[in-house]
Structures are given as structure tokens and as C-alpha cells.
Amino acid sequence: MTRIIERDAPRVGFVSLGCPKATVDSENILTRLRAEGYEISASYDDADLVVVNTCGFIDAAVEESLDAIGEALAENGKVIVTGCLGAKEGVVQTAHPQVLAVTGPHATEEVMRAVHQHVPKPHEPFVDLVPPQGVRLTPRHYAYLKISEGCNHRCSFCIIPSMRGDLVSRPIHEVMREAEALAEAGVKEILVVSQDTSAYGVDTRYRTGFWNGRPIKTRLLDLATALGELGVWVRLHYVYPYPSVDDLIPLMAEGKILPYLDIPFQHASARILKAMRRPASSENVLARIRKWREMCPDLTIRSTFITGFPGETEEDFQELLQFLAEAELDRVGAFAYSPVEGAAANELADPVPEEVRDERRMRLMAFQEDISTQRLERWIDREIDVLVDDIDEEGALARSCADAPEIDGMVIIPDGEHLEVGQFARVRITDCDVHDLYARPL
């Protein structure tokens with residue numbers, strides 16, 4: 001009789017930091033690990049080694065990443081570092097010379113080689129242990145779909161192209177296969193992410209691919225149209241306001257994709273936008289927003305802005321506030337300018353004192369509060385569909401088509417204990433505050 005010797009699978013701990021693009025990188029690595037038979041450990045003590053996916057965009061993110069690496073080393077001792085901080089030559093190695101390996105972002109193969117070197121992969125892995133949608137860090141009912149890497153812009157405050165390279169669009173058939181797998185696995189919302197979603201396909205000259213036997217071009221309009229056929233919510237992030245975006249609005253008005261645009265405007269002063277090396281002008285943007293809302297009145301626009309950029313005067317800042325008053329954006333985030341090592345903006349004249357940067361950020365957010373509240377008030381007394389994220393003893397927390405997870409508001413449903421997490425519900429909006437809506441289930 002043959003004796004079967006059971007062997008414990010090697011275990012890998014994982015720490016994921018940074019933006020949704022980094023989350024997708026983490027999911028790809030975790031999927032490969034599980035496909036090869038590794039177990040994922042929830043603790044440092046139980047892991048044979050730890051992978052830390054880092055962020056390196058601003059100083060605070062660098063500090064957080066270095067702290068996470070240090071903690072993993074202290075608790076486990078065997079650490080592989082990947083992500084954007086790894087692309088900054090020598091930063092990780094100088095702070096933590098004992099790490100096993102360092103790679104940059106979107107480096108699944110390099111990470112797996114390092115894992116194999118220090119914790120050899122198990123024999124005969126059970127591939128069927130991996131779900132068809134891969135291993136996800138998000139809840140089961142929504143997922144991020146990364147459609148490209150890198151960026152062709154050279155904004156003076158940003159070092160992402162130096163870490164992630166120029167734009168590289170994923171083949172559209174690969175993107176659609178992944179999206180189909182997500183929908184078939186029960187995902188109710190797909191969030192499209194990249195560094196510059198509007199530029200999808202530019203690098204391939206919008207090459208024609210094939211999905212389900214039919215030709216489809218590698219460009220955002222065709223991708224959004226195809227995603228709209230999957231029967232799930234489709235939300236677009238990081239969209240630059242190019243003229244081509246106009247073609248997406250009819251899809252939103254028809255309910256094919258969510259009436260939601262995440263557009264990082266960053267400023268409104270033409271002088272500051274030029275110093276930032278950003279495309280478009282505020283006048284064109286205002287005209288485009290008016291046109292979009294004529295076509296799709298329920299369109300939600302969220303954006304981010306930087307206050308205290310080098311050379312920004314009080315007049316420039318007032319121009320930004322005037323833009324906010326006219327644009328009436330639904331959701332706004334603001335960041336006080338923070339110098340990033342290696343960014344061209346560091347060489348600009350007339351830096352703004354840190355206290356002025358922070359003070360302008362607070363003024364901007366206070367100014368935007370009334371605008372955001374008024375935009376939320378238009379939902380009161382309307383019946384809408386929401387996606388339930390969580391339920392506790394006080395009711396249900398859900399999101400509307402206007403709310404992206406973790407960055408926008410919530411729809412709070414005090415009498416929603418009977419609703420089901422990960423499912424859609426029909427509600428009537430009863431009230432709002434600065435950030436959230438309140439509703440009762442129908």
C-alpha cells in the first residue's frame with residue numbers, strides 16, 4: 001500500500017498599499033501565488049515570507065511604505081518589495097538593506113521569481129483552488145479593471161511615468177475576457193482604472209481586436225460599449241477631459257454605463273495649468289461640462305485639485321474658486337502641494353509657504369461644501385437603485401451610481417437590516433448631509 005505524505009503548502013504574507021492600480025497589481029500577484037499552490041497568510045508569524053506592494057507618489061506615501069517594510073522585516077524577517085517605491089532607485093535598499101528583493105510596479109513575473117528563489121513553489125499545485133476571477137482584495141461584489149499601464153503626460157508635479165513608463169494599453173480581448181470572468185463570478189460593479197483612461201489604445205493606434213467573434217477597436221468608447229453589455233455597473237476613473245469623452249455621455253444617458261466621471265482637473269488657472277504641464281483650459285472644460293449635463297442631467301463629476309502649487313498667487317486661487325462655483329462639481333478632493341523627489345515642479349520659482357498651501361486647501365474644501373450639498377439635494381424624494389456594501393445593527397450602507405467605493409459618500413438606510421450585502425436594492429432618498437444620502441427601502 002502506497003503511503004501518502006501530506007505536506008503543508010508554503011505560505012506568503014501580503015501587504016498592499018497605494019492606489020487602485022496598485023491593488024490590481026497585488027491581485028495579479030496573489031492570483032499567481034494561489035495558482036501555483038501557495039497559501040496566503042493573514043499574519044506575519046505564519047508566513048514563510050512577506051511581499052509588500054508599495055506606493056511612492058508623495059512623501060507621506062513613501063514614509064508609510066518604508067514603515068510597512070520595516071514592520072514586515074521586524075515581524076517576519078523575509079521581505080520582498082514591489083510597487084512604485086521600488087522604482088525609486090536605492091530608496092528601499094538604503095532604508096532596509098536586508099530585504100530579499102526589490103522590483104518596480106506591474107512586475108508580477110519578477111516578484112514570482114523572487115518568491116521561487118526564497119520559498120520554492122510546491123509540487124503539483126491545485127490550480128482549481130483559484131476562482132475564475134482570480135484573487136481579489138476588494139469585496140466580492142465589486143472589482144477594479146486595469147486597462148493600461150503608464151502615462152504619456154509629463155505633468156511637472158508627477159513622477160509616475162518615471163516609475164511606470166509610457167502608456168501601454170492592454171489588448172482589448174484580454175480586458176473583456178477578464179471583465180466577463182468578473183461578471184460571471186457575481187461581481188456587480190466594475191471600476192475601470194488606469195493612469196489615463198481616456199488615452200486607452202492611443203499607443204496601439206486603436207488596433208482592432210476580437211471579442212466573442214466580432215471585431216472591436218482598442219479605444220475607450222468601444223470598450224465602454226462592450227462593458228455595458230455585461231449587465232453590471234461600469235464606473236470610469238481617471239478620465240482626462242478630451243473631446244472624445246463627449247462620445248461616452250450618450251452611453252451614460254442610456255444607462256449602458258454609470259453616469260459618473262472621475263476627472264483630475266488639478267487647477268483652473270491657465271497660468272498654473274501651464275506650469276503643471278496639464279492639458280485643456282478651464283473655459284473649454286466649463287463649456288464641456290455644460291454640454292455633458294445637457295445630454296445626461298444625472299451625470300456625477302468628481303475631481304481633485306492641488307492648492308499652493310509653486311507660483312500660485314491669491315488671484316490664481318480665486319480663479320480656482322470661481323471655477324468651482326461655475327462648474328458645480330459633485331465631489332471634490334483637494335491636496336496641498338507636496339514636493340515629490342524627482343519632480344520637475346521642484347525647480348519652479350516662487351514656492352508657496354506650507355502654511356498657505358494648507359490654508360488654501362481648507363478654504364477650498366469649505367467653499368465646496370455648499371456646492372456638494374446642493375448637488376446631493378437634487379436626489380431627495382427620488383427612487384433610485386443602490387448597491388449594498390455593508391449591514392450592521394443600525395441598518396445598511398449602500399452606494400448609488402454617484403458613489404465610488406472608499407472615496408465618495410454613502411447611501412445610509414436605517415431600516416435596511418433585511419437587505420443583502422452585494423445586491424442591488426430600490427430605495428427612496430429622504431435626506432442628505434454634506435457627503436451622504438439617507439434613504440428608506442421600497
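This is a predicted model: local features need pLDDT of at least 70, side-chain atom pairs count only at pLDDT 80 or more; totals for chains, interfaces and linings use all residues.
Visitor: Is Cys19 buried, exposed or partly exposed?
Guide: Read the relative accessible area: under 20% is buried, over 50% is exposed, and in between is partly exposed. Cys19 has 28%, so Cys19 is partly exposed.

Visitor: Which residues does UniProt list for "binding site"?
Guide: The unreviewed UniProt entry lists Cys19, Cys55 and Cys84. They span 66 residues in sequence, yet no two of their C-alpha atoms are more than 10.3 Å apart, so the three gather at one spot.

Visitor: Where does Cys55 lie, and is Cys55 buried or exposed?
Guide: Cys55 lies in the loop between strand 3 (49–54) and helix 2 (59–75). Its relative accessible area is 17%, so Cys55 is buried.

Visitor: Which residues does Cys55 touch?
Guide: Leave out residues up to four places away in sequence. Cys55 then touches Leu17, Gly18, Ala61, Val62, Ser65, Cys84 and Leu85. Cys84 is also on the UniProt list.

Visitor: How do helix 11 and helix 12 cross?
Guide: Look at the angle between the axes: under 35 degrees counts as roughly parallel. The axes of helix 11 (residues 314–327) and helix 12 (residues 354–377) come within 10 Å and cross at roughly 20°. That makes the two helices roughly parallel. The crossing is right-handed.

Visitor: What kinds of residues make the contact?
Guide: Eight are nonpolar, two polar and three charged. Helix 11 brings residues including Phe317, Leu320 and Leu324. Helix 12 brings Arg360, Leu364 and Phe367, among others.

Note on methods. Residues are numbered from 1 along each chain as its sequence is written. Side-chain values use heavy atoms; hydrogens and water are left out. UniProt positions are given in the numbering used here, feature names are shortened, and annotations may be inferred rather than shown by experiment. Buried means under 20% relative accessible area, exposed over 50%, partly exposed in between (1.4 Å probe, protein chains only). Helices (H or I, at least four residues) and strands (E, at least two) are DSSP runs, numbered from the N terminus. Contact means heavy atoms within 4.5 Å. Axes are lines fitted to C-alpha atoms, for helices over the stretch in contact, and angles run from 0 to 180 degrees between N-to-C directions. Angles under 35 degrees count as roughly parallel, over 145 as roughly antiparallel, 65 to 115 as roughly perpendicular and the rest as oblique. A crossing is left-handed if the near helix is turned anticlockwise from the far one by less than a right angle, and right-handed if clockwise. Ala, Val, Leu, Ile, Met, Phe, Trp, Tyr, Cys and Pro count as nonpolar, Asp, Glu, Lys and Arg as charged, and the others, Gly among them, as polar.
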